[in-house]
Amino acid sequence: MEFKGLVYKVLPVVKGQSARGEWVKQEVVFEQPDEFNRKLVVGFWGDKAQDAAALKPGEQVEVAINLESREYNGRWYTEARAWKLTRAAAAQAPAAPEMPPMPTIEEPSYANDPIDDMPF
């Protein structure tokens with residue numbers, strides 16, 4: 001499943017130790033701008049956690065996730081795990097249009113005019 005959204009908040013990194021070794025998890029809250037501005041927390045595990053930690057709030061991204069549910073003590077928990085993160089291409093500012101050269105204005109010649117002693 002893929003979605004596009006804005007980074008709302010980058011949560012603190014969570015680290016731990018399991019029977020398989022050390023693990024790292026970075027969770028990010030994404031906002032999907034639409035009528036209701038829904039938010040979705042996505043977990044990035046292992047190497048992907050570093051990429052997610054570099055995200056900034058307001059940045060637009062596309063995320064591919066897998067949804068997974070597990071039972072624990074009779075309750076079910078659902079998690080969205082990211083497997084691909086694509087940042088939106090940086091919007092390039094449009095180049096300023098090239099201005100045409102300024103026209104030259106010829107100033108009138110007053111050489112042949114009679115001298116006027118008026119101050120205005």
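Start by selecting Trp45, which is partly exposed at 26% relative accessibility; that label covers values between buried (under 20% relative accessible area) and exposed (over 50%), computed with a 1.4 Å probe on protein chains only. Before you go on, note that this is a predicted model, in which local features need pLDDT of at least 70 and side-chain atom pairs count only at pLDDT 80 or more, while totals for chains, interfaces and linings use all residues. Residues are numbered from 1 along each chain as its sequence is written, and side-chain values use heavy atoms, with hydrogens and water left out.

**Stop 1: around Trp45**

The structure holds three aromatic pairs. For Trp23 and Trp45, the ring centres are 5.5 Å apart and the planes meet at 45°, so this pair is tilted. Rings of Phe, Tyr and Trp (its six-membered ring) pair when their centres lie within 6.5 Å; planes under 30 degrees apart are stacked, over 60 edge-to-face, and the rest tilted. Since Trp23 sits in strand β3 and Trp45 in strand β4, the pair ties together parts that are 22 residues apart in sequence. Strands here are DSSP runs of E with at least two residues, helices are runs of H or I with at least four, and both are numbered from the N terminus.

Now show Arg81, which lies over the face of Trp45 at 4.6 Å from the ring centre. A charge counts as over a ring if NZ of Lys or CZ of Arg is within 6 Å of the ring centre and within 35 degrees of the ring normal. For another example, select Lys39 and Tyr8: the charged end of Lys39 sits over the Tyr8 ring, 4.6 Å from its centre.

**Stop 2: the core**

Next, select Val28, Phe30, Val42, Phe44, Val63 and Ile65, which touch the most other members of the largest nonpolar core, a set of 13 residues. Such a core consists of buried Ala, Val, Leu, Ile, Met, Phe, Trp, Tyr and Cys residues joined through side-chain atoms within 4.5 Å. Two or more residues each come from β1 (2–10), β3, β4, β5 and β6, and β5 gives the most, with three.

Centre on Phe30. Its contacts (heavy atoms within 4.5 Å) include Leu6, Val7, Leu40, Leu55 and Val61, leaving aside residues up to four places away in sequence. Ring pairs also link Phe30 with Phe3 and Phe44 into a cluster.

**Stop 3**

**Stop 4: the loops**

Lys56 lies between α1 (48–53) and β5 and is exposed at 52%. Although Lys56 and Val10 are 46 residues apart along the chain, their C-alpha atoms are separated by 7.5 Å.

Asn37, in the loop between β3 (21–32) and β4 (38–45), has a positive phi of about 50° although it is not a glycine. Asn37 is partly exposed, with a relative accessible area of 36%. Asn73 belongs to the loop between β5 (60–72) and β6 (75–87), and its phi is also positive, near 55°. At 68% relative accessibility, Asn73 is exposed.
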